[in-house]
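I opened a new page for this one. These are my notes, in the order in which I looked things up.

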Amino acid sequence: MSETARKVALFGLVVVLIVGTGMVQSWNSALLILNMGLISAVMALGLNLQWGFAGLFNIGVMGFVALGGLATVLVAHPPVTEAWSAGGLRILAGLATGAGVIVAAALVLKRLRRHRTLAVIAVLVVGFFLFRWVFDGGVEAVEAVNPASTGFLGGLGLPVLLAWPIGGVLAAGAAWIIGKTALGLRSDYLAIATLGIAEIIVAVMKNEDWLTRGVKNVIGLPRPVPNEIDLQNTPGFVENATAIGIDPVTASTLWVKGIYGVLFAMVLILLLFLAQRALHSPWGRMMRAIRDNEVAAEAMGKDVIGRHLQIFILGSAVCGIAGAMMTTLDGQLTPGTYQPLRFTFLIWVMVIVGGSGNNFGAVLGGMLIWFAWVQVEPAGLWFLQTLTSGMAEGPLKTHLLDSAAHMRLLTMGVILLLVLRFSPRGLIPER
Amino acid sequence: MDVLNALVALLNYVLVPGITYGSQLAIGALGVTLVYGILRFSNFAHGDTMAFGTMVTILATWGLQSMGVSLGPLPTALLALPLGIAATALLVLATDRMVYRFYRRVRAKPVILVIVSIGVMFVMNGVVRLIIGPEDQRFADGARFLITAREFKQWTGLSEGLALRSTQVLTIVTAIIVVIALFWFLNRTRTGKSMRAYSDNEDLALLSGINPERVVLVTWLIVAALATVAGVLYGLDKSFRPFTYFQLLLPIFASAIVGGLGNPLGAIAGGFLIAFSEVTVTYAWKKVLGYLLPDSMAPDNLVQLLSTDYKFAVSFVILLIVLLFRPTGLFRGKSV
């Protein structure tokens, strides 16, 4: 089968699966799968830049996705003026102090000749207490402002669509810092470093209530699409819906999800186009040359670490955009739900299954694996129900039925292992 | 100023928990470092191997408890431990047979093996959640304290109490036994020496007639035992939750890398370094300082450097510092 035919067939399969979900289950869940599938495809595209193009072992995808979510809050949430007047400036001053201390320590490290280590430690220790002293007061004041509903600084109140590029920029900034420190490391050290950073980013979002309300979640983020209730109250919309013969409530939810889907698809197609152009440019060929043989590429005068940093930032930015899109779709930021298995390792399964190094492969993997991730649960439940149908009622049967939800991880692991073993280049291999 | 009380408080809240946690991390890191030394890849499934072993031990413990078996003051889990180790050994050997052996044979790059281990991690994580569920499980029984704070205060007349939980003592004693046994095995027995030879120089070891499959088999057996012991000790000391065990991966890897991957001694040192840093940075020093400083200077806030939720950040920062200034770890590990 030629490559094009293979691509068409596999993407056709995704369409069939999603349309099939619409016919068998409901169009609502089909659109839900489609929307999250598109977002997952963007994440997979970002990871594919890093792993597929450059061979960078990043298992901190979750962190960048979370930063994208944070950007959505910072951009779109209306500012909480009370909190700003209570302690906003003090928090900013505290953060500035912290940054100043780090800069000072770096300067000391660079300039001083003797007693360098001692001086750096002294600067850091004194600076830390100074930072905490300025910062903690502000945090306390902000978090005391109406803690049940706000208790955080809020955002800028800008249109939510702006959050998508800004989410990318925020993730790129974090990636720059991480890349500067960790990219020189060996592959498995880099892996642990990125895993750690992602955990830290999520820990910060869970605990810094002044920024994200922590586990209290930020709800009711503005949406780029009309509200379902408003649609149901618009006579024109209701007329149109009844004209096609759908009840207005269903029609409004489908319409809203459809608009989201179109927005996400536009982002995905744009990024896919850019990634394809990058892959087939001299830059992309250089990246793959570096990936395949770093020493040879370096001998040809290629700046290996610089290029790695570049692509690490680009890939992370794409993950950040996806994270912002996801938070926009949810309409809320829930820091407690960021789990590495779901937001890092599942993306890895997508890229590997789809075909690392191939952009279409990553997109396919994203859609297909997301579909599997969603549908394994009902399928597992059905499977266990059939399995236990002959069993007498009892604790074992209840336990088995309850654990259907955990079939997911098992299935994903088995899929990953099977693909790695029997088709290590993925469904759409790199050319 | 009250040095004695300060010392007791320090012992109670920092040293004893630090040593306990350090022992648990060290045994976990030994498993990671052995896999890295012999099989030459970073095993991301290690946390979930620990969870599996602990789960089997918990199930066996419940079985024993329902039969009325108990060890008196010691936790029943100790009786169930051998069963847990055996089950884990079977699991990792089956995994090796079905998954890893193929990649060894085709001499896959280490990074491919790491991705494979991520797949194994998913499967093991799924199995554990399928069988025992994602919730918290407590399975410690027997005497809870060796010394309670009240008894300690009565004996010594100090105002600060020292509570020594039996699980803490058990952890430390077990860790010492395990480490001694492991080092005796690696340094004194023929199999252990062949393992070290294989780890140092694979080609030379093969030339001298060492059977690689046997070395791998023994390694997995030891790793299964270490993982189960570490997991059960951690579970007895705190509690068992599959996700927590997955998260333990980070401090365990940090310990192994800080000490130097592939170096058993380094893994132990790394474990204690990480554990003590985590405990000291996240401990509220108010009490200790209150005893040491004159009343006028006593701190009015908690003097906690970082909230406990950031303990992962601590292991991570140490990891980064060591990697930047001494990339092979404190004890000169190996690199593939």
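The entries below go from conventions to whole chains, then to packing, the interface and single residues.

**Conventions**

I am working with a predicted model, where local features need pLDDT of at least 70, side-chain atom pairs count only at pLDDT 80 or more, and totals for chains, interfaces and linings use all residues. Residues are numbered from 1 along each chain as its sequence is written, chains are lettered from A and ligands numbered from 1 in the order in which they are written.

**Chain A, overall**

I looked up the secondary structure first. Chain A has 18 helices and zero strands. Helices (H or I, at least four residues) and strands (E, at least two) are DSSP runs, numbered from the N terminus. I then checked the extent: the C-alpha trace of chain A spans about 75 × 60 × 55 Å along its principal axes.

Buried residues make up 45% of the 431 in chain A. A residue is buried if 20 or more other C-beta atoms lie within 10 Å of its own, exposed if 12 or fewer, and partly exposed in between, with C-beta atoms placed from the backbone. Of the contacts in chain A between residues at least 6 apart in sequence, 81% join residues at least 24 apart. Contact here means C-beta atoms, placed from the backbone, within 7 Å.

**Chain B, overall**

Chain B has 14 helices and two strands. Its radius of gyration is 21 Å, close to the 20 Å of the globule rule for 336 residues, so chain B is as compact as a globular protein of that length. Its C-alpha atoms fill a box of roughly 70 × 55 × 35 Å along the principal axes. Buried residues are 46% of the 336. For contacts between residues at least 6 apart in sequence, 76% join residues at least 24 apart.

**A helix pair in chain A**

How do α2(A) and α14(A) pack? Helix α2 (residues 27-53) and helix α14 (residues 304-330) of chain A pack at an angle of about 170 degrees, with axes 8 Å apart. Axes are lines fitted to C-alpha atoms, for helices over the stretch in contact, and angles run from 0 to 180 degrees between N-to-C directions. That makes the pair roughly antiparallel, a label for angles over 145 degrees. I listed the contact residues: α2(A) brings A:I39, A:V42 and A:L49, among others, and the α14(A) side includes A:F312, A:V318 and A:M325. By class, the contact has 17 nonpolar, five polar and no charged residues. Ala, Val, Leu, Ile, Met, Phe, Trp, Tyr, Cys and Pro count as nonpolar, Asp, Glu, Lys and Arg as charged, and the others, Gly among them, as polar.

**Cores**

The largest nonpolar core has 217 residues, and A:V42, A:M325 and A:V349 have the most contacts inside it. A nonpolar core is a set of buried Ala, Val, Leu, Ile, Met, Phe, Trp, Tyr and Cys residues joined through C-beta atoms within 7 Å. The largest share of the 217-residue core comes from α2(A), with 16 residues. I followed up A:M325. Leaving aside neighbours within four places in sequence, A:M325 is in contact with A:I39, A:V42, A:W164, A:F264 and A:V267. Apart from that core lies another of twelve residues, among them A:V142 and A:W210.

**Interface**

I counted 32 residues of chain B in contact with 32 residues of chain A. On the chain B side, α4(B) gives the most, with 14 residues. That side has 23 nonpolar, seven polar and two charged residues.

**Single residues**

Which phi did I find at A:R213? A:R213 is not a glycine, yet has a positive phi of about 60 degrees. A:R213 sits in the loop between α8 (209-212) and α9 (228-233) of chain A. A:R213 is buried, with 25 other C-beta atoms within 10 Å. A:N217, in the loop between α8 and α9, has a positive phi of about 65 degrees. A:N217 is partly exposed, with 15 C-beta neighbours inside 10 Å.

Conventions. Angles under 35 degrees count as roughly parallel, over 145 as roughly antiparallel, 65 to 115 as roughly perpendicular and the rest as oblique. Two residues are in contact if their C-beta atoms, placed from the backbone, lie within 7 Å. The radius of gyration is taken over C-alpha atoms; the globule rule is 2.2 Å times the number of residues to the power 0.38.
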